[in-house]
Amino acid sequence: MTFNDFDDPYWPLFSETRRPSRYVGCEWGAGLPEKKNATVRFCLAFPDVYEIGMSYVGYQILYPLLKSLDEADVERVYCPWVDMEEQLRLHGLPLASLETGRSLSRFDVVGFTLQYELSYTNILTMLDLGGIPLFSKDRGDDDPLVIAGGPGAMTPEPLAPFLDAVCMGDGEITLPAIVERLSAAVGCSRSEKLDALADLPGIYLPVRSVASFDSAGCDLRSSQLFPIRRATLKSMKGAFSSEGLLVPSASVVHDRVPVELFRGCTRGCRFCQAGMLYRPIRERTADEVVEAALRWTEKTGWEEIGLMSLASCDSSALGDVVERLKPALRERRVRLSLPSLRMDAFSVQLAAALEPVKRGGLTFAPEAGTQRMRNVINKGVSEDDIETTLEAAFAHGWERIKLYFMMGLPTETREDLEGIAKIAERAAEIGRKHRKRAEIAVSVAGFVPKPHTPFQWERQASVAELSERGRFIKSLVSNRRVTVRYHEGEQTRLEGIFARGDRRLADVLFEAWRNGARFDGWTETFRPDIWKAAFEAKAVDPEWYVARERPRDERFPWDHIDIGVSRDFLWRERERSREESLTPDCRFGDCNACGWERRGCGILEKMRAVSC
Amino acid sequence: MLKVRIVFSKRGRACFIPHIALPAVFSRSATRAGIRFVQTEGFSPRPKLSLGPELPVGIVALCEPMDVWLEEWRASFFDSWQRKLPDGFSLGGWEEAPLGNLGNSCEGAEYLIRVRDGGACEAVRSGYPWPEWVCRADYDGEWFRVVTERPGEHGPGALIRDLVEFGKMSGWAGVNVVRRVVGRLSGGELTGEKRVLPLVSLFSGDTNGN
Ligand code: SF4
């Protein structure tokens with residue numbers, strides 16, 4: 001009797017780790033067989049655990065997209081949890097791809113997704129375990145190119161020394177272009193390969209630039225022409241849509257068919273980075289959405305479809321899509337869900353129609369406790385909207401409502417915090433009217449000012465302030481049907497430092513990682529003491545990044561990146577926030593001249609066509 | 001509505017996909033193959049499926065039974081389903097409208113256990129007190145062939161933990177375990193050695209490894 005299952009060198013490691021299913025793949029649709037004659041071997045690397053990375057919609061597009069290119073082949077890797085890292089080191093085995101078990105060092109390109117600042121140490125772990133020198137300057141011609149994309153790529157400076165190239169914008173444009181150039185550069189030196197990428201749209205080569213700092217901010221000099229413009233698909237019409245999707249065999253956070261309704265958002269919430277980064281709005285047609293949703297349910301066997309977009313309820317095609325999908329999905333017993341709900345009766349009604357048996361809860365994000373503060377952040381939700389939404393949700397039969405808020409917002413006063421407690425209590429009151437067991441879960445996150453938003457100049461509330469405000473809100477809520485949770489401030493602070501960080505933080509990152517910082521976004525692994533020591537050791541003052549309001553003309557370390565929305569617009573919006581003025585969504589009113597008016601904004605073109 | 005009993009194997013890295021994830025693996029693959037499950041009643045209907053005794057991760061399994069309730073079954077479905085399974089999973093046989101409930105039909109389980117460390121293996125061989133629910137345990141020079149009764153009550157997890165402790169091994173990695181078959185017990189004092197037979201008649205798999 002022979003069982004070669006046990007000959008797998010990783011088998012003993014799987015046996016000794018807590019959730020081995022994270023590392024074994026065995027998915028449906030994972031691109032095998034391997035393309036033997038591919039000239040560009042790509043490894044998509046997600047710097048967090050499998051169950052989170054597999055829920056990321058981007059890979060469901062980029063993976064089949066790369067697979068569809070003749071010259072390329074693609075595999076994936078996720079960050080091993082600390083127990084697996086220990087096992088890999090103990091056994092001297094490299095971090096390898098899920099599909100073919102190839103070590104990261106044997107790929108042509110390793111492409112990281114930058115979703116969250118607190119996953120940056122994981123990038124170093126993955127490079128190190130994958131046998132790739134951490135610093136770009138130490139890599140040789142045989143080492144892979146290490147590139148990065150995702151929202152964090154629009155502020156990549158804290159990672160600059162570790163990355164060879166940064167891709168900004170829609171992967172549908174950047175990835176095929178990279179593959180084409182690298183395929184033509186097979187056998188070339190590393191520097192020649194980088195040369196080949198240098199003039200592609202949306203590609204930034206940190207190694208080709210030098211940063212200096214003075215009292216006015218950061219100065220970047222480069223052989224590339226600055227600013228680098230984010231590469232943006234003009235429209236989603238005819239954009240790549242895969243045949244099938246990757247279906248995990250182990251459980252993941254979002255276990256469903258992800259269908260993108262549109263990209264971009266023009267609601268203009270002033271705290272929201274995604275809302276600024278992904279403009280302009282590009283919708284898929286109802287036909288495309290319906291066709292993809294049906295094809296993917298058939299090809300994957302998934303029991304649920306999630307309509308994913310920044311604010312799905314804003315889609316003009318949504319009503320049509322739901323109506324057309326409903327009968328087909330009922331027949332196939334597939335559920336349809338809307339992961340983000342707008343605060344109005346229409347959205348609740350829609351959610352109710354999708355979920356005849358109100359099992360789980362509903363989640364809404366009023367974000368702030370008073371009308372004044374919601375005006376400051378340009379969250380177009382009124383007291384009335386909140387009242388009507390809660391009323392409708394309980395009336396439809398839901399028992400659990402989750403409400404998301406932020407604290408530490410610019411100009412915040414005691415009254416704004418009291419407002420959060422008031423909304424929570426009011427929600428419980430409305431709930432009780434309809435259901436005896438109504439429950440309200442309030443979650444309050446510390447606000448982090450993000451680059452490329454109107455709040456990029458703001459001071460971030462300190463750890464002590466956040467924890468005091470969190471305690472304060474909690475102390476105001478006496479209703480037993482309401483639970484209040486708030487995030488402890490240390491992680492929020494670190495996120496803030498890296499969000500608006502510059503190249504000087506790379507040393508701190510390396511130092512913290514060397515001393516054991518891992519999975520900083522996870523409470524069980526986060527070690528503030530390591531970070532404190534790392535900032536001290538590298539003589540970098542963390543407060544400088546978060547604890548001061550920045551002058552209007554400060555040169556930011558992301559000024560060389562042009563996302564399309566102009567700095568003037570952001571400043572105007574910042575001023576309007578101080579006046580507590582709302583800026584209406586341009587889809588339903590006038591153009592707010594965000595910067596895209598000079599670049600071919602679809603909304604504007606439509607407006608012009610109508611008025612002609 | 002039709003009950004079909006299926007036996008399947010879980011090989012290679014798929015052995016680390018937990019038991020609890022298997023209903024989705026099978027129902028999704030069936031959907032991909034155009035096979036329709038009957039749904040359970042109640043607030044959250046799900047595909048009606050019943051798995052055999054729990055199998056911890058890290059165990060190679062060659063012949064595991066499950067009952068599935070389908071709207072329709074044709075012999076050709078077996079191959080189409082097979083083609084839509086993820087890597088490492090494979091169907092070994094089927095039987096339409098089997099008698100009896102699955103739990104009661106699973107009378108025994110047969111394991112192959114290899115203790116990697118020579119010293120620990122010798123210790124187990126010469127002195128390990130097999131629990132009373134183990135009705136057969138012999139050694140062929142490499143593998144212990146172990147037959148257990150009532151697999152629903154006595155899974156391999158506790159046995160391996162005990163073996164690891166008894167043999168003073170560093171962890172689970174020191175023991176390789178194969179569950180060859182879960183099914184009907186046969187043999188005994190009068191008819192010879194205890195064995196376990198697959199629960200389906202149309203079994204086309206292999207219980208001897210590669
Ligand atoms: S250019 Fe005008 S219409 Fe287009 S997204 Fe910007 S503000 Fe809206």
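Predicted model: local features only at pLDDT ≥ 70, side-chain atom pairs only at ≥ 80, totals over all residues.

Let me begin with the ligand. The ligand sits in the second largest cavity. Its shell comprises seven nonpolar, two polar and two charged residues. Among the residues around the ligand are Cys586(A), Cys591(A), Cys594(A) and Cys601(A), and also Thr266(A), Arg279(A) and Trp596(A).

I turn now to strand 1 of chain A, residues 40-46. Seven of its seven residues are buried. On one side lie Val40(A), Phe42(A), Leu44(A) and Phe46(A), and on the other Arg41(A), Cys43(A) and Ala45(A), so that both faces are covered. Which strands pair with strand 1 of chain A? Strand 2, residues 72-78, runs parallel to strand 1 and is joined to it by seven bridges; here Val40(A) has Ala72(A) as its bridge partner. Strand 3, residues 109-113, also pairs with strand 1 in the parallel sense, over four bridges, and Phe42(A) is partnered there by Val109(A).

Finally, the aromatic residues. Over all chains, the search finds 36 aromatic pairs. One of them is the tilted pair of Phe8(B) and Phe26(B), at 4.7 Å centre to centre and 55 degrees between the planes. This pair links strand 1 of chain B, which holds Phe8(B), to helix 1 of chain B, which holds Phe26(B), the two being 18 residues apart. Both Phe8(B) and Phe26(B) are buried. The pair of Tyr128(B) and Trp130(B) counts as edge-to-face because the planes stand at 90 degrees, with the centres 4.8 Å apart. Tyr128(B) is buried, at 7% relative accessibility, whereas Trp130(B) is partly exposed, at 23%.

Terms used
Residues numbered from 1 in each chain as written. Chains lettered and ligands numbered in written order. Heavy atoms only, no water. Near = heavy atom within 4 Å. 1 Å grid on protein atoms, 1.4 Å probe; cavity = no way out; pocket = protein on both sides within 12 Å on 5 of 7 lines; lining within 4 Å. Sits in = over half its atoms within 2 Å of the grid points. Nonpolar A, V, L, I, M, F, W, Y, C, P; charged D, E, K, R; others polar. Buried < 20%, exposed > 50% of the residue type's maximum accessible area, 1.4 Å probe, protein only. Pairing = 2+ DSSP bridges. Phe/Tyr/Trp six-rings, centres within 6.5 Å; stacked < 30°, edge-to-face > 60°.
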